[in-house]
Amino acid sequence: MKKYINKISRVILISMLMITTWGCNEFLDETDKSNFTLENYFTLPEHATSVVNSIYESLRPVMQSGFGGGPWMMLEFSTGLANTELGQAQNSLFVRNLINNSDNGYGQTYWTSYYRGIANANLAIEKIPEIEMDSETQNKLLGEARFLRAFYYFNLVRIFGDIPLITSPIDLTSPELYPEAASTAAIYDQIVADLEVAENAGLPWRDTSGRVSLGAVKTLMASVYLTMAGYPLQAGDQYFQLAAEKANDIIQSGTYDLFTDYDKLHSVEDKNQGEHIFMIQYAAFTIPSSWQVSIIPYNRGISAYSAETGGIFSNQEFVNAFENGDKRAEEKTFFYTEYSLESDRSSTKELGDYYIWKHFDEEAQLNTTSSGLNWPVFRFAEVLLIYAEAMNEVSGPTDATYEAINKIRERAELPLLENLSQEEFREAVWREKWVEMCFENKTWFDMVRLRKAWNVVSGEFENYVGHQFTYGPTITERELLFPIPTAEIRNNDKLSQNQGY
């Protein structure tokens, strides 16, 4: 932590000097970087935009993928539902086999990247109000900064537990240079406070350029409230009510709806539109995404990419647990088990496993080897499921909760649900979310907040601690959190390692 904080000021300078491209538009093209200092920088409206753009940059590092795996996979292998062919990706194997330790580079990437984003958000929140500029634009930029700070803290607190809470810029003279960990409850209080500001910042319901929207803010609020109602806070039934209200705001806005075609979930042309509420932005040949090499089988010769890593794919038992007739289990809907050969596209090769189709960019795989596909952070499908789960806890199944979950089931060509008890409906929503949101970094968070795991062989939900993966390892209490990275513990003696690590 000491080493990291000593570098914060320099990191901020580097981040703000970036020429940032976000979505389809170039947000800022700075031409004179030679006289940059913190003292003379925050004087123009463009500077406000620049510092907010730098906060978005911290979304991308966790998505980097290659022959070493990718940090985002940490949250998938921890579910017991994913597999890999990549023997040299030790970080993936440690998590998958429940022998993870604090030296894992995946956790370090989450910690470093998200605290860098928080540092830039703190700078933006402090300095933007000092700039003479249009008040509406100023408020929107501050709303974006608050949302992103809340998003980073929401992920960090769920992954690592009690962590430092830093809400103002720091330098080598700051008392917060070596911060103590704040309580989980305090972190959530700050997240809620930030989101309440963002909610009233005048953001549009949708922003097709990929910037933060009111839809994104309310979705994050709904997810935060749902989590606060569950473990570890168990803050009370009023948070189910709040989660349902925020989700319903989005539903009633009429801004978003489900795609009728699953292929649009991984269509470059449809990013930031339709079902998509918030995404991590990429642009082919400019800022291309790198996970394409990880979702194709290892060296089978199906892709134009020279690197075919087999980094992550689904366990067969998970796909087999989908309901009979579920369209999402059909070939090339959420998964694929065959593909044409790069050397002869008229020849199809059986791949032997269930690789991830829902993130597959065909144009990049077939031709360009440069993907502009965005990563989904929030989809309308998740909003419907949050509403269904939260409202069921408030009042049991209602016409509105059935309508929410049945929209998703209807798209999947499954029978509509009806006449369920509150408990039956609760587990139906959990099961639907496990399937619909699979491989989007959602499932492990749900397992921990519910303290439940889906036994894909028996079809039942069972306690998280004690749940055995189909390939052997059994979850213990330590897997409720990931370890704080070794470097942070060594460099800040005020931090304590999480239990079991």
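This is a predicted model: local features need pLDDT of at least 70, side-chain atom pairs count only at pLDDT 80 or more; totals for chains, interfaces and linings use all residues.
Buried here means under 20% relative accessible area, and by that cut-off five of the seven residues of strand S6 are buried, so S6 is largely enclosed by the rest of the structure.

Figure 1. S6 spans residues 335–341, and five of its seven residues are buried. Its partner is strand S7 (residues 344–356), with six bridges between the two in the antiparallel sense. A hairpin of two residues connects S6 to S7. For a landmark on the pairing, look for Phe335, whose bridge partner in S7 is Ile356.

Figure 2. In the pair formed by Phe318 and Trp454, the ring centres are 6.3 Å apart and the planes meet at 85°, so the arrangement is edge-to-face. Phe318 belongs to helix H12 and Trp454 to strand S9, so the pair ties together parts 136 residues apart in sequence. Both Phe318 and Trp454 are buried. Tyr336 and Tyr339 are also edge-to-face, because their ring planes stand at 65° with the centres 6.1 Å apart. Tyr336 has 0% relative accessibility and so counts as buried; at 5%, Tyr339 counts as buried too. If you widen the view, you will find Phe318 and Trp454 in one aromatic cluster whose members also include Tyr262, Phe335, Trp430 and Phe461.

Figure 3. Four bridges connect S4 to strand S8 (residues 375–379), and the two run antiparallel. You can find the pairing by looking for Ile280, which has Trp375 as its bridge partner in S8.

**Figure 4. Phe147 in the largest nonpolar core.** This core has 151 residues, and Phe147, Ile191 and Phe278 are those with the most contacts inside it. Helix H8 (residues 135–160) supplies the largest share, 14 residues. Leaving out residues up to four places away in sequence, Phe147 touches Leu195, Ala198, Val212, Ala216, Val217, Leu220, Phe278 and Phe378. As general background, nonpolar side chains tend to be buried together in soluble globular proteins.

Figure 5. Arg211 pairs with Glu144, with 2.8 Å between the closest N and O atoms. Arg211 sits in the loop between helix H9 (184–199) and helix H10 (214–229), while Glu144 is in helix H8, 67 residues apart. Both of these residues are buried. The second salt bridge joins the side chains of Arg328 and Glu436 at 2.9 Å, N to O. Arg328 lies in the loop between helix H12 (316–320) and S6, and Glu436 in helix H16 (residues 422–436), 108 residues apart. Arg328 and Glu436 are likewise buried. In the third, the closest N and O atoms of Glu393 and Arg426 are 2.6 Å apart.

Figure 6. Eight of the eight residues of helix H17 (residues 443–450) are buried, so the helix is largely enclosed by the rest of the structure. Among these buried residues are Trp444, Phe445, Asp446 and Arg449. Their cover includes helix H5 (74–77), H8, H10, H14, H16 and strand S9 (452–454). Just after the helix, look for Arg451, which takes a positive phi of about 55°.

Figure 7. Gln108 lies in helix H7 (residues 105–127), where its side chain makes a polar contact of 2.8 Å with the side chain of Thr112. Beyond its neighbours within four places in sequence, Gln108 is in contact with Pro485, Ala487 and Glu488. Asn406 is part of helix H15 (residues 399–411), and its relative accessibility is 10%, so it counts as buried. Apart from residues up to four places away in sequence, Asn406 touches Leu416 and Leu417.

Technical notes
Residues are numbered from 1 along each chain as its sequence is written. Side-chain values use heavy atoms; hydrogens and water are left out. A nonpolar core is a set of buried Ala, Val, Leu, Ile, Met, Phe, Trp, Tyr and Cys residues joined through side-chain atoms within 4.5 Å. Buried means under 20% relative accessible area, exposed over 50%, partly exposed in between (1.4 Å probe, protein chains only). Contact means heavy atoms within 4.5 Å. A polar contact is a pair of N or O atoms within 3.5 Å; within protein, one must be able to donate a hydrogen and the other to accept it, and residues adjacent in sequence count only if both atoms are side-chain atoms. Two strands pair if DSSP finds at least two bridges between them. A salt bridge is a side-chain nitrogen of Lys or Arg within 4 Å of a carboxyl oxygen of Asp or Glu. Rings of Phe, Tyr and Trp (its six-membered ring) pair if their centres lie within 6.5 Å; planes under 30 degrees apart count as stacked, over 60 as edge-to-face and the rest as tilted.
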